[in-house]
Amino acid sequence: MNIAANGIRHLSDGRSLDDLIKRDTREVSLAVMNDAELYEWELQQLFGRCWNLMGHESEIPEPNDYMVRPIGEDELIIARDRKGEIHASLNVCPHRGMRVALGEEGNSPVHKCIYHGWAFRPNGDFVGAPAEKEKMHGTIRDKSELGLKKARVALYGGLIFATWEHDGPSLEDYLGDFRFYLDMLWNRTDRGTEVLGPPQKVLINCNWKSAAEQAAGGDGFHTISLHRWLIDAGLFVNAEDGTPPAMYGVNVSANGHVVRCIPVDMTFARAKGAGKMSLEERLQELPPPGITPELVPQLSKHLSDDQIRLLVEKAPQVGGIFPNVNFLFVYAPQSDGTMLGAMGIHIIVPRGVDKCEFWTWMFAEKDCPEPIKEKMLRNAVQQIGSSGLIEQDDTDTWPHITRSARGAIGRRDLTLKYQATDGENKPEGWPGGGHVFEGFAKDDTQWYWWLAYRDAMLP
Amino acid sequence: MMHLFENHESMMLRIFRIEDTNVAWSEEPASRTRRLITNVIVHKTERESEYDVTSYFLVTRNRFEQHEYQLMSGKRMDRWRLENGELKLARRIIDLDMSVLSMPNLAIFF
Ligand code: FES
Ligand SMILES: [Fe+2]
(Lines give C-alpha, C1' and ligand atoms only; values in the text may rest on other atoms or scores of the structure.)
(Ligands and ions follow the chains in the order given, each with its own letter.)
Protein backbone atom coordinates (compact mmCIF):
# COMPACT_ATOMS: atom_id res chain seq x y z
CA MET A 1 0.00 0.00 0.00
CA ASN A 2 1.36 3.35 -1.00
CA ILE A 3 0.98 5.84 1.82
CA ALA A 4 2.39 8.97 0.30
CA ALA A 5 2.14 12.32 1.99
CA ASN A 6 -0.80 13.11 -0.24
CA GLY A 7 -2.73 9.92 0.47
CA ILE A 8 -3.14 6.33 -0.66
CA ARG A 9 -3.61 5.69 -4.37
CA HIS A 10 -3.50 1.96 -4.89
CA LEU A 11 -3.06 -1.44 -3.23
CA SER A 12 0.41 -2.97 -2.89
CA ASP A 13 -0.24 -5.34 -5.83
CA GLY A 14 -0.75 -2.29 -8.00
CA ARG A 15 -4.55 -2.39 -8.28
CA SER A 16 -6.08 1.07 -8.29
CA LEU A 17 -9.63 2.09 -7.48
CA ASP A 18 -10.43 2.02 -11.19
CA ASP A 19 -9.44 -1.65 -11.27
CA LEU A 20 -11.76 -2.37 -8.36
CA ILE A 21 -14.63 -0.13 -9.43
CA LYS A 22 -15.21 -0.50 -13.15
CA ARG A 23 -17.13 2.56 -14.22
CA ASP A 24 -17.62 1.55 -17.85
CA THR A 25 -19.56 -1.61 -16.93
CA ARG A 26 -20.90 -0.62 -13.48
CA GLU A 27 -19.12 -3.47 -11.69
CA VAL A 28 -17.18 -3.72 -8.43
CA SER A 29 -14.63 -6.42 -7.67
CA LEU A 30 -15.89 -8.89 -5.04
CA ALA A 31 -12.45 -8.57 -3.39
CA VAL A 32 -13.45 -5.20 -1.89
CA MET A 33 -15.69 -7.06 0.56
CA ASN A 34 -12.75 -8.66 2.34
CA ASP A 35 -9.45 -6.89 1.85
CA ALA A 36 -7.20 -5.83 4.72
CA GLU A 37 -5.27 -3.21 2.76
CA LEU A 38 -8.37 -1.61 1.35
CA TYR A 39 -9.78 -1.53 4.87
CA GLU A 40 -6.82 0.48 6.17
CA TRP A 41 -7.23 2.81 3.25
CA GLU A 42 -10.91 3.30 4.10
CA LEU A 43 -10.19 4.03 7.76
CA GLN A 44 -7.67 6.71 6.86
CA GLN A 45 -9.07 8.36 3.81
CA LEU A 46 -12.79 7.65 3.83
CA PHE A 47 -13.83 7.58 7.49
CA GLY A 48 -10.92 9.88 8.33
CA ARG A 49 -12.27 12.63 6.06
CA CYS A 50 -16.06 12.22 5.69
CA TRP A 51 -18.68 13.77 7.92
CA ASN A 52 -19.75 10.94 10.25
CA LEU A 53 -23.01 10.70 12.18
CA MET A 54 -22.36 10.68 15.93
CA GLY A 55 -25.90 10.67 17.27
CA HIS A 56 -28.60 13.17 18.14
CA GLU A 57 -28.48 16.23 20.36
CA SER A 58 -31.41 14.92 22.43
CA GLU A 59 -29.11 12.16 23.70
CA ILE A 60 -27.01 14.71 25.60
CA PRO A 61 -29.51 17.42 26.61
CA GLU A 62 -27.79 18.69 29.78
CA PRO A 63 -24.47 20.50 30.33
CA ASN A 64 -21.62 17.98 30.83
CA ASP A 65 -23.66 15.12 29.30
CA TYR A 66 -21.48 12.97 27.07
CA MET A 67 -21.57 9.83 24.94
CA VAL A 68 -18.87 7.74 23.29
CA ARG A 69 -19.24 7.35 19.53
CA PRO A 70 -17.20 5.93 16.63
CA ILE A 71 -15.60 7.31 13.48
CA GLY A 72 -14.27 4.19 11.81
CA GLU A 73 -12.35 2.39 14.54
CA ASP A 74 -11.53 5.62 16.36
CA GLU A 75 -13.66 6.43 19.37
CA LEU A 76 -14.78 9.93 20.29
CA ILE A 77 -16.25 11.64 23.32
CA ILE A 78 -19.22 13.72 22.21
CA ALA A 79 -19.88 16.15 25.06
CA ARG A 80 -21.97 19.20 25.79
CA ASP A 81 -20.17 21.96 27.67
CA ARG A 82 -21.57 24.32 30.31
CA LYS A 83 -22.70 26.79 27.67
CA GLY A 84 -24.58 24.09 25.75
CA GLU A 85 -22.12 23.74 22.88
CA ILE A 86 -21.31 20.24 21.61
CA HIS A 87 -17.71 19.06 21.17
CA ALA A 88 -16.10 15.92 19.77
CA SER A 89 -12.68 14.70 20.86
CA LEU A 90 -10.70 11.51 20.43
CA ASN A 91 -11.30 9.26 23.43
CA VAL A 92 -7.62 8.45 23.78
CA CYS A 93 -5.42 9.83 26.53
CA PRO A 94 -2.50 11.79 25.04
CA HIS A 95 -0.37 10.59 27.97
CA ARG A 96 -0.03 6.85 27.20
CA GLY A 97 -3.00 5.97 25.06
CA MET A 98 -5.54 4.77 27.62
CA ARG A 99 -9.26 5.14 26.83
CA VAL A 100 -10.43 8.14 28.80
CA ALA A 101 -14.24 7.75 29.05
CA LEU A 102 -14.92 4.10 29.81
CA GLY A 103 -18.72 4.07 29.76
CA GLU A 104 -21.01 4.46 26.77
CA GLU A 105 -22.54 7.66 28.14
CA GLY A 106 -22.75 9.76 31.28
CA ASN A 107 -22.47 13.22 32.79
CA SER A 108 -19.24 14.69 34.05
CA PRO A 109 -17.60 18.14 34.13
CA VAL A 110 -14.19 16.46 33.80
CA HIS A 111 -13.06 13.33 32.04
CA LYS A 112 -10.32 11.82 34.14
CA CYS A 113 -8.10 9.08 32.78
CA ILE A 114 -8.01 6.24 35.32
CA TYR A 115 -4.43 5.27 34.46
CA HIS A 116 -2.36 8.20 35.83
CA GLY A 117 -5.12 10.70 36.36
CA TRP A 118 -4.74 13.28 33.57
CA ALA A 119 -8.00 15.22 33.33
CA PHE A 120 -9.83 16.88 30.45
CA ARG A 121 -12.79 19.20 30.01
CA PRO A 122 -15.90 18.34 27.96
CA ASN A 123 -14.34 20.34 25.10
CA GLY A 124 -11.20 18.18 25.28
CA ASP A 125 -8.90 20.79 26.87
CA PHE A 126 -6.28 19.50 29.27
CA VAL A 127 -7.00 20.44 32.89
CA GLY A 128 -3.94 18.96 34.54
CA ALA A 129 -2.22 15.91 35.98
CA PRO A 130 -2.34 14.85 39.66
CA ALA A 131 0.34 16.24 42.00
CA GLU A 132 0.30 19.56 40.17
CA LYS A 133 3.44 20.88 41.86
CA GLU A 134 5.46 17.90 40.61
CA LYS A 135 4.60 18.85 37.02
CA MET A 136 3.57 15.31 36.00
CA HIS A 137 2.79 16.43 32.48
CA GLY A 138 6.39 17.54 32.07
CA THR A 139 7.75 20.89 31.06
CA ILE A 140 8.42 20.19 27.39
CA ARG A 141 4.89 20.75 26.18
CA ASP A 142 2.51 23.47 27.22
CA LYS A 143 -0.83 22.46 28.74
CA SER A 144 -2.57 23.85 25.68
CA GLU A 145 -0.88 21.12 23.58
CA LEU A 146 -1.92 18.25 25.83
CA GLY A 147 -5.67 18.18 25.30
CA LEU A 148 -7.61 15.41 23.58
CA LYS A 149 -7.40 15.51 19.79
CA LYS A 150 -10.37 17.55 18.61
CA ALA A 151 -12.73 16.84 15.73
CA ARG A 152 -14.94 19.36 13.98
CA VAL A 153 -18.64 19.24 14.87
CA ALA A 154 -21.75 20.36 13.00
CA LEU A 155 -25.44 19.76 13.58
CA TYR A 156 -28.19 19.23 11.03
CA GLY A 157 -31.80 18.84 12.14
CA GLY A 158 -30.58 17.82 15.59
CA LEU A 159 -28.26 15.15 14.18
CA ILE A 160 -24.66 15.53 15.35
CA PHE A 161 -21.92 14.99 12.76
CA ALA A 162 -18.16 15.09 13.20
CA THR A 163 -15.16 15.06 10.89
CA TRP A 164 -11.37 15.17 11.27
CA GLU A 165 -11.15 17.52 8.27
CA HIS A 166 -10.98 20.90 9.92
CA ASP A 167 -10.58 22.67 6.59
CA GLY A 168 -12.77 20.44 4.44
CA PRO A 169 -16.26 21.19 3.11
CA SER A 170 -18.94 22.31 5.54
CA LEU A 171 -21.65 19.81 6.49
CA GLU A 172 -24.11 21.89 4.47
CA ASP A 173 -21.94 21.52 1.38
CA TYR A 174 -21.36 17.84 2.09
CA LEU A 175 -25.13 17.31 2.08
CA GLY A 176 -25.66 19.72 -0.83
CA ASP A 177 -28.89 19.11 -2.77
CA PHE A 178 -29.78 16.40 -0.32
CA ARG A 179 -30.84 19.00 2.25
CA PHE A 180 -34.11 19.55 0.38
CA TYR A 181 -35.07 15.94 1.15
CA LEU A 182 -33.54 15.75 4.64
CA ASP A 183 -35.49 18.83 5.71
CA MET A 184 -38.75 16.97 5.06
CA LEU A 185 -37.72 14.49 7.76
CA TRP A 186 -35.52 16.28 10.26
CA ASN A 187 -36.57 19.92 9.99
CA ARG A 188 -40.34 19.84 9.68
CA THR A 189 -41.73 20.57 13.15
CA ASP A 190 -41.26 23.37 15.69
CA ARG A 191 -39.10 21.44 18.12
CA GLY A 192 -37.72 18.74 15.84
CA THR A 193 -37.10 15.13 16.75
CA GLU A 194 -35.80 13.26 19.79
CA VAL A 195 -34.38 9.80 20.31
CA LEU A 196 -36.54 7.22 22.07
CA GLY A 197 -33.69 5.79 24.14
CA PRO A 198 -30.08 4.82 23.55
CA PRO A 199 -29.13 2.90 20.38
CA GLN A 200 -29.30 -0.86 19.94
CA LYS A 201 -25.93 -2.32 18.97
CA VAL A 202 -25.25 -5.68 17.36
CA LEU A 203 -22.14 -7.20 15.82
CA ILE A 204 -22.35 -8.62 12.30
CA ASN A 205 -19.64 -10.80 10.79
CA CYS A 206 -19.51 -8.88 7.55
CA ASN A 207 -17.48 -6.16 5.91
CA TRP A 208 -19.10 -2.79 6.59
CA LYS A 209 -19.65 -2.18 2.87
CA SER A 210 -21.95 -5.21 2.43
CA ALA A 211 -24.28 -3.44 4.81
CA ALA A 212 -23.56 0.09 3.58
CA GLU A 213 -23.95 -0.35 -0.19
CA GLN A 214 -27.38 -1.83 0.54
CA ALA A 215 -28.66 0.21 3.49
CA ALA A 216 -26.90 3.54 2.90
CA GLY A 217 -26.97 2.96 -0.87
CA GLY A 218 -30.75 2.65 -1.02
CA ASP A 219 -31.08 -0.89 -2.43
CA GLY A 220 -34.82 -1.31 -2.97
CA PHE A 221 -34.38 -4.28 -5.27
CA HIS A 222 -33.72 -6.78 -2.44
CA THR A 223 -37.19 -6.20 -0.95
CA ILE A 224 -38.73 -8.43 -3.57
CA SER A 225 -36.61 -11.44 -2.60
CA LEU A 226 -34.93 -11.05 0.78
CA HIS A 227 -38.04 -9.48 2.35
CA ARG A 228 -40.34 -11.74 0.39
CA TRP A 229 -42.17 -12.90 3.53
CA LEU A 230 -43.72 -9.45 3.93
CA ILE A 231 -45.35 -9.95 0.54
CA ASP A 232 -46.23 -13.63 1.07
CA ALA A 233 -47.80 -12.76 4.43
CA GLY A 234 -49.87 -10.04 2.79
CA LEU A 235 -48.31 -7.25 4.87
CA PHE A 236 -46.96 -5.50 1.77
CA VAL A 237 -49.61 -5.21 -0.92
CA ASN A 238 -49.64 -2.92 -3.88
CA ALA A 239 -53.09 -1.51 -3.35
CA GLU A 240 -53.38 -0.23 -6.88
CA ASP A 241 -52.73 -2.94 -9.43
CA GLY A 242 -51.11 -6.03 -7.93
CA THR A 243 -47.58 -5.26 -9.15
CA PRO A 244 -44.84 -6.01 -6.58
CA PRO A 245 -45.36 -3.72 -3.58
CA ALA A 246 -42.84 -1.16 -2.29
CA MET A 247 -40.91 -1.31 -5.57
CA TYR A 248 -42.24 1.65 -7.52
CA GLY A 249 -41.41 5.19 -6.56
CA VAL A 250 -38.81 7.86 -7.09
CA ASN A 251 -35.22 7.09 -6.12
CA VAL A 252 -32.85 9.98 -5.68
CA SER A 253 -29.09 10.15 -5.26
CA ALA A 254 -27.61 13.52 -4.32
CA ASN A 255 -23.90 13.87 -3.37
CA GLY A 256 -23.82 10.09 -2.71
CA HIS A 257 -26.74 10.39 -0.26
CA VAL A 258 -29.93 8.55 -1.10
CA VAL A 259 -33.64 8.81 -0.64
CA ARG A 260 -36.41 6.54 -1.83
CA CYS A 261 -39.77 8.27 -2.16
CA ILE A 262 -42.40 5.53 -2.10
CA PRO A 263 -46.12 6.30 -2.36
CA VAL A 264 -47.98 4.67 0.52
CA ASP A 265 -50.62 3.22 -1.81
CA MET A 266 -47.85 1.27 -3.54
CA THR A 267 -47.16 -0.67 -0.33
CA PHE A 268 -50.24 -1.10 1.81
CA ALA A 269 -53.81 -2.22 1.12
CA ARG A 270 -54.89 0.13 3.91
CA ALA A 271 -53.95 3.07 1.67
CA LYS A 272 -56.10 2.00 -1.25
CA GLY A 273 -57.53 4.96 -3.06
CA ALA A 274 -55.03 7.41 -1.58
CA GLY A 275 -54.10 8.52 -5.09
CA LYS A 276 -57.59 9.93 -5.53
CA MET A 277 -57.62 11.88 -2.26
CA SER A 278 -56.92 15.59 -2.06
CA LEU A 279 -53.76 16.76 -0.33
CA GLU A 280 -55.83 17.92 2.66
CA GLU A 281 -57.62 14.59 2.94
CA ARG A 282 -54.37 12.69 2.76
CA LEU A 283 -52.76 14.88 5.39
CA GLN A 284 -55.57 13.98 7.77
CA GLU A 285 -56.17 10.35 6.77
CA LEU A 286 -52.68 9.21 5.89
CA PRO A 287 -50.25 11.71 7.40
CA PRO A 288 -46.55 11.17 6.63
CA PRO A 289 -44.83 8.63 8.91
CA GLY A 290 -44.27 10.14 12.35
CA ILE A 291 -46.63 13.05 11.77
CA THR A 292 -49.84 13.02 13.83
CA PRO A 293 -52.90 15.21 13.06
CA GLU A 294 -51.77 17.59 15.85
CA LEU A 295 -48.47 18.13 14.06
CA VAL A 296 -49.90 18.78 10.60
CA PRO A 297 -50.28 22.58 11.10
CA GLN A 298 -46.57 22.81 11.95
CA LEU A 299 -45.49 21.45 8.56
CA SER A 300 -46.34 24.57 6.61
CA LYS A 301 -44.21 26.68 8.96
CA HIS A 302 -41.09 24.74 8.03
CA LEU A 303 -41.59 23.25 4.58
CA SER A 304 -42.41 24.61 1.15
CA ASP A 305 -45.63 23.61 -0.62
CA ASP A 306 -43.57 21.38 -2.90
CA GLN A 307 -41.99 19.64 0.06
CA ILE A 308 -45.35 19.09 1.75
CA ARG A 309 -46.85 17.66 -1.42
CA LEU A 310 -43.93 15.28 -1.85
CA LEU A 311 -43.99 14.27 1.80
CA VAL A 312 -47.66 13.41 1.56
CA GLU A 313 -47.84 11.86 -1.90
CA LYS A 314 -44.45 10.19 -2.22
CA ALA A 315 -43.03 10.09 1.27
CA PRO A 316 -39.25 9.77 1.56
CA GLN A 317 -39.49 6.47 3.42
CA VAL A 318 -35.95 5.15 3.37
CA GLY A 319 -32.58 6.60 2.58
CA GLY A 320 -28.96 6.97 3.46
CA ILE A 321 -26.31 9.55 4.23
CA PHE A 322 -22.90 8.68 2.81
CA PRO A 323 -20.98 6.70 3.87
CA ASN A 324 -22.64 4.62 6.57
CA VAL A 325 -26.02 6.02 7.64
CA ASN A 326 -29.41 4.50 6.84
CA PHE A 327 -32.70 6.07 7.88
CA LEU A 328 -36.27 4.86 7.81
CA PHE A 329 -39.45 6.89 8.10
CA VAL A 330 -41.91 4.16 7.24
CA TYR A 331 -45.66 3.85 7.38
CA ALA A 332 -46.74 1.27 9.94
CA PRO A 333 -50.35 0.14 9.55
CA GLN A 334 -51.69 -1.34 12.79
CA SER A 335 -54.03 -4.29 13.10
CA ASP A 336 -56.70 -2.01 14.59
CA GLY A 337 -56.86 -0.12 11.31
CA THR A 338 -54.90 2.91 12.49
CA MET A 339 -51.73 4.11 10.76
CA LEU A 340 -48.60 4.70 12.80
CA GLY A 341 -45.13 5.68 11.70
CA ALA A 342 -41.79 4.09 12.53
CA MET A 343 -38.77 6.40 12.51
CA GLY A 344 -35.31 4.96 12.88
CA ILE A 345 -31.72 5.54 11.95
CA HIS A 346 -28.80 3.12 11.63
CA ILE A 347 -25.07 3.53 11.42
CA ILE A 348 -22.73 0.82 10.23
CA VAL A 349 -19.50 0.90 12.21
CA PRO A 350 -16.44 -0.89 10.80
CA ARG A 351 -14.84 -3.33 13.26
CA GLY A 352 -12.13 -4.99 11.24
CA VAL A 353 -12.14 -6.16 7.65
CA ASP A 354 -14.85 -8.78 8.24
CA LYS A 355 -16.87 -7.31 11.11
CA CYS A 356 -19.09 -4.34 11.70
CA GLU A 357 -21.51 -3.09 14.27
CA PHE A 358 -25.04 -2.13 13.33
CA TRP A 359 -26.54 0.58 15.55
CA THR A 360 -30.20 1.52 15.65
CA TRP A 361 -31.92 4.55 17.16
CA MET A 362 -35.68 5.05 17.22
CA PHE A 363 -37.09 8.56 16.93
CA ALA A 364 -40.25 10.62 17.27
CA GLU A 365 -41.10 14.28 16.83
CA LYS A 366 -40.65 16.04 20.20
CA ASP A 367 -44.15 17.48 19.94
CA CYS A 368 -45.74 14.11 19.18
CA PRO A 369 -48.21 13.16 21.97
CA GLU A 370 -46.47 10.98 24.59
CA PRO A 371 -48.77 7.93 24.23
CA ILE A 372 -48.08 7.92 20.47
CA LYS A 373 -44.33 8.13 21.11
CA GLU A 374 -44.58 5.02 23.27
CA LYS A 375 -46.54 3.20 20.58
CA MET A 376 -44.05 4.32 17.93
CA LEU A 377 -41.14 3.01 19.98
CA ARG A 378 -42.75 -0.40 20.49
CA ASN A 379 -43.74 -0.61 16.88
CA ALA A 380 -40.30 0.42 15.63
CA VAL A 381 -38.59 -2.19 17.83
CA GLN A 382 -40.90 -4.83 16.36
CA GLN A 383 -40.15 -3.77 12.79
CA ILE A 384 -36.53 -2.62 12.56
CA GLY A 385 -33.26 -3.21 14.37
CA SER A 386 -32.11 -6.33 16.21
CA SER A 387 -35.47 -8.06 16.63
CA GLY A 388 -37.30 -6.20 13.85
CA LEU A 389 -39.39 -8.42 11.64
CA ILE A 390 -38.30 -6.47 8.56
CA GLU A 391 -34.61 -6.17 9.20
CA GLN A 392 -33.57 -9.46 10.81
CA ASP A 393 -33.15 -11.02 7.38
CA ASP A 394 -30.67 -8.36 6.23
CA THR A 395 -28.14 -8.99 9.00
CA ASP A 396 -28.15 -12.72 8.31
CA THR A 397 -27.34 -12.23 4.64
CA TRP A 398 -24.34 -9.90 4.63
CA PRO A 399 -21.87 -12.32 6.34
CA HIS A 400 -22.22 -14.71 3.40
CA ILE A 401 -20.90 -12.02 1.04
CA THR A 402 -17.85 -11.36 3.19
CA ARG A 403 -17.27 -15.13 3.32
CA SER A 404 -17.55 -15.32 -0.49
CA ALA A 405 -14.89 -12.64 -0.78
CA ARG A 406 -12.25 -14.87 0.86
CA GLY A 407 -12.00 -17.39 -1.97
CA ALA A 408 -9.10 -16.76 -4.36
CA ILE A 409 -11.04 -17.27 -7.58
CA GLY A 410 -14.04 -15.28 -6.39
CA ARG A 411 -11.76 -12.43 -5.37
CA ARG A 412 -10.01 -12.45 -8.70
CA ASP A 413 -12.84 -13.05 -11.15
CA LEU A 414 -16.17 -12.11 -9.58
CA THR A 415 -17.78 -8.70 -9.70
CA LEU A 416 -20.76 -7.13 -7.95
CA LYS A 417 -23.08 -5.84 -10.66
CA TYR A 418 -25.06 -2.63 -10.73
CA GLN A 419 -26.22 -2.87 -14.30
CA ALA A 420 -30.00 -2.68 -13.96
CA THR A 421 -30.88 0.86 -14.97
CA ASP A 422 -33.31 2.86 -17.07
CA GLY A 423 -31.14 5.94 -16.82
CA GLU A 424 -32.09 9.21 -15.20
CA ASN A 425 -35.71 10.14 -15.66
CA LYS A 426 -36.76 13.02 -13.48
CA PRO A 427 -40.57 13.32 -13.40
CA GLU A 428 -42.00 16.51 -14.87
CA GLY A 429 -41.91 19.31 -12.31
CA TRP A 430 -39.87 17.34 -9.75
CA PRO A 431 -39.04 19.91 -7.08
CA GLY A 432 -35.74 18.51 -5.74
CA GLY A 433 -32.21 18.13 -7.05
CA GLY A 434 -29.83 15.20 -7.45
CA HIS A 435 -29.94 12.28 -9.87
CA VAL A 436 -33.58 11.23 -10.01
CA PHE A 437 -34.83 7.81 -11.09
CA GLU A 438 -38.55 7.26 -11.27
CA GLY A 439 -40.02 3.79 -11.60
CA PHE A 440 -39.01 0.36 -10.37
CA ALA A 441 -36.19 0.40 -7.80
CA LYS A 442 -33.12 -0.53 -9.86
CA ASP A 443 -29.37 -0.42 -9.20
CA ASP A 444 -28.86 3.31 -9.68
CA THR A 445 -28.63 4.71 -6.18
CA GLN A 446 -26.38 1.87 -5.04
CA TRP A 447 -24.10 2.53 -8.01
CA TYR A 448 -23.95 6.20 -7.07
CA TRP A 449 -22.96 5.09 -3.57
CA TRP A 450 -19.92 3.38 -5.13
CA LEU A 451 -19.09 6.46 -7.14
CA ALA A 452 -19.20 8.50 -3.92
CA TYR A 453 -17.03 5.82 -2.30
CA ARG A 454 -14.50 6.15 -5.11
CA ASP A 455 -14.40 9.92 -4.71
CA ALA A 456 -14.05 9.67 -0.95
CA MET A 457 -11.12 7.25 -1.27
CA LEU A 458 -9.12 9.35 -3.68
CA PRO A 459 -6.57 11.73 -2.16
CA MET B 1 -31.45 0.09 25.22
CA MET B 2 -34.45 -1.96 24.23
CA HIS B 3 -34.05 -4.87 21.83
CA LEU B 4 -37.35 -6.65 22.14
CA PHE B 5 -40.86 -5.49 22.63
CA GLU B 6 -43.23 -8.36 22.04
CA ASN B 7 -46.89 -8.86 22.69
CA HIS B 8 -49.26 -11.67 21.76
CA GLU B 9 -49.92 -10.25 18.32
CA SER B 10 -46.28 -9.70 17.42
CA MET B 11 -45.29 -13.16 18.68
CA MET B 12 -48.02 -14.76 16.59
CA LEU B 13 -46.63 -12.89 13.59
CA ARG B 14 -43.13 -14.20 14.32
CA ILE B 15 -44.46 -17.74 14.58
CA PHE B 16 -46.50 -17.31 11.40
CA ARG B 17 -43.45 -16.00 9.57
CA ILE B 18 -41.38 -19.03 10.51
CA GLU B 19 -44.08 -21.71 10.30
CA ASP B 20 -46.16 -20.57 7.37
CA THR B 21 -43.72 -18.94 4.97
CA ASN B 22 -40.55 -20.58 3.70
CA VAL B 23 -38.77 -17.29 3.11
CA ALA B 24 -38.04 -16.19 6.70
CA TRP B 25 -34.38 -16.02 5.77
CA SER B 26 -32.88 -15.27 9.19
CA GLU B 27 -34.29 -18.64 10.35
CA GLU B 28 -34.41 -20.47 7.02
CA PRO B 29 -32.66 -22.88 7.37
CA ALA B 30 -33.46 -22.89 11.07
CA SER B 31 -30.74 -22.21 13.63
CA ARG B 32 -29.67 -25.01 15.93
CA THR B 33 -30.58 -23.66 19.34
CA ARG B 34 -30.48 -24.82 22.98
CA ARG B 35 -31.86 -22.95 25.93
CA LEU B 36 -30.08 -23.86 29.16
CA ILE B 37 -32.07 -22.58 32.13
CA THR B 38 -30.63 -22.42 35.67
CA ASN B 39 -30.99 -20.63 39.02
CA VAL B 40 -34.76 -20.82 38.95
CA ILE B 41 -36.37 -19.11 41.95
CA VAL B 42 -40.13 -19.10 42.39
CA HIS B 43 -41.75 -16.39 44.53
CA LYS B 44 -45.32 -16.23 45.81
CA THR B 45 -47.17 -13.10 44.82
CA GLU B 46 -50.12 -11.21 46.25
CA ARG B 47 -52.31 -13.43 44.07
CA GLU B 48 -52.80 -17.08 44.93
CA SER B 49 -52.65 -18.27 41.34
CA GLU B 50 -49.67 -16.19 40.21
CA TYR B 51 -45.94 -16.69 40.71
CA ASP B 52 -42.92 -14.52 40.04
CA VAL B 53 -40.16 -16.66 38.63
CA THR B 54 -36.60 -15.55 37.99
CA SER B 55 -34.16 -17.68 36.03
CA TYR B 56 -30.85 -17.41 34.22
CA PHE B 57 -30.45 -18.59 30.67
CA LEU B 58 -27.74 -19.45 28.22
CA VAL B 59 -28.89 -19.72 24.62
CA THR B 60 -26.60 -21.33 22.06
CA ARG B 61 -27.32 -20.71 18.41
CA ASN B 62 -25.52 -22.11 15.41
CA ARG B 63 -26.29 -21.48 11.77
CA PHE B 64 -25.10 -23.00 8.51
CA GLU B 65 -21.53 -24.31 8.89
CA GLN B 66 -20.44 -21.67 11.38
CA HIS B 67 -17.47 -22.75 13.50
CA GLU B 68 -18.69 -20.80 16.46
CA TYR B 69 -21.84 -20.48 18.49
CA GLN B 70 -23.75 -17.27 18.74
CA LEU B 71 -24.21 -17.05 22.51
CA MET B 72 -26.61 -15.06 24.63
CA SER B 73 -26.95 -15.17 28.36
CA GLY B 74 -29.25 -13.24 30.63
CA LYS B 75 -31.87 -13.17 33.29
CA ARG B 76 -35.59 -13.71 32.83
CA MET B 77 -38.13 -12.23 35.23
CA ASP B 78 -41.44 -13.93 34.61
CA ARG B 79 -44.97 -13.79 35.89
CA TRP B 80 -46.65 -17.19 35.61
CA ARG B 81 -50.40 -17.61 36.05
CA LEU B 82 -52.25 -20.81 36.91
CA GLU B 83 -55.39 -21.02 34.81
CA ASN B 84 -57.57 -24.14 34.70
CA GLY B 85 -54.66 -26.27 35.83
CA GLU B 86 -52.34 -24.84 33.20
CA LEU B 87 -49.39 -22.57 33.87
CA LYS B 88 -49.36 -19.64 31.45
CA LEU B 89 -46.71 -16.99 30.95
CA ALA B 90 -48.30 -13.61 31.63
CA ARG B 91 -45.22 -11.37 31.40
CA ARG B 92 -41.52 -11.71 30.76
CA ILE B 93 -38.79 -9.13 31.22
CA ILE B 94 -35.38 -10.15 29.89
CA ASP B 95 -32.06 -8.60 30.87
CA LEU B 96 -29.38 -9.41 28.30
CA ASP B 97 -25.77 -9.59 29.49
CA MET B 98 -24.13 -7.79 26.54
CA SER B 99 -24.00 -4.18 25.47
CA VAL B 100 -23.13 -4.96 21.84
CA LEU B 101 -24.95 -8.18 21.02
CA SER B 102 -22.75 -10.78 19.34
CA MET B 103 -25.90 -12.23 17.79
CA PRO B 104 -26.68 -10.16 14.68
CA ASN B 105 -30.43 -10.51 15.08
CA LEU B 106 -32.93 -11.75 17.63
CA ALA B 107 -34.93 -13.92 15.26
CA ILE B 108 -35.28 -16.61 17.95
CA PHE B 109 -37.31 -16.64 21.17
CA PHE B 110 -35.75 -16.14 24.62
S1 FES C 1 -2.55 7.11 30.12
FE2 FES C 1 -3.95 8.56 30.74
S3 FES C 1 -3.03 9.48 32.42
FE4 FES C 1 -1.56 8.06 31.76
FE1 LIG D 1 -33.55 -4.88 3.89
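The model is predicted: local features need pLDDT of at least 70, side-chain atom pairs count only at pLDDT 80 or more, and totals for chains, interfaces and linings use all residues. Residues are numbered from 1 along each chain as its sequence is written, chains are lettered from A and ligands numbered from 1 in the order in which they are written, and side-chain values use heavy atoms, with hydrogens and water left out.

**Iron site**

The iron ion (ligand 2) has these protein donors: A:His222 (NE2), A:His227 (NE2), A:Asp394 (OD) and A:Asp394 (OD). They lie 2.1 to 2.5 Å from the ion. Donors are N, O and S atoms within 2.8 Å of the metal (3.2 Å for Na, K and Ca); water is not among the atoms, so sites may look incomplete. The spacing of the donor residues in sequence is H-x4-H-x166-D. Distant parts of the chain are linked here: A:His222 sits in the loop between helix 5 (208–215) and helix 6 (228–232) of chain A, while A:Asp394 belongs to helix 11 (residues 392–404) of chain A, 172 residues apart. Helices (H or I, at least four residues) and strands (E, at least two) are DSSP runs, numbered from the N terminus.

The angles among the four donor atoms run from 54 to 146°, and the site is irregular. Four donors count as tetrahedral if all angles lie between 85 and 135 degrees; four count as square planar and six as octahedral if opposite donors are over 155 degrees apart and all others between 65 and 115; anything else is irregular.

**Helix contacts**

Axes are lines fitted to C-alpha atoms, for helices over the stretch in contact, and angles run from 0 to 180 degrees between N-to-C directions.

| Helices of chain A | Axes come within | Crossing angle |
|---|---|---|
| Helix 4 (residues 179–186) and helix 9 (residues 305–313) | 10 Å | roughly 70° |
| Helix 5 and helix 13 (residues 444–457) | 8 Å | roughly 125° |

Helix 4 and helix 9 of chain A are therefore roughly perpendicular to each other. Helix 5 and helix 13 of chain A are therefore oblique. Angles under 35 degrees count as roughly parallel, over 145 as roughly antiparallel, 65 to 115 as roughly perpendicular and the rest as oblique.

In the contact of helix 5 with helix 13 of chain A, A:Trp208, A:Lys209, A:Ala212 and A:Glu213 meet A:Gln446, A:Trp449, A:Trp450 and A:Tyr453. Contact means heavy atoms within 4.5 Å. From helix 4 of chain A, A:Phe180, A:Tyr181, A:Asp183 and A:Met184 meet A:Gln307, A:Leu310 and A:Leu311 of helix 9.

**Chain B and the backbone**

Chain B has one helix and four strands. Their order along the sequence is α-β-β-β-β. Its C-alpha atoms fill a box of roughly 45 × 30 × 25 Å, taken along the principal axes.

The peptide bond from B:Glu28 to B:Pro29 is cis, with omega about 5°. B:Pro29 lies in the loop between helix 1 (8–20) and strand 1 (32–44) of chain B. In chain A, a cis bond joins A:Phe322 to A:Pro323, with omega near 0°. A:Pro323 is in the loop between strand 19 (316–321) and strand 20 (325–333) of chain A.
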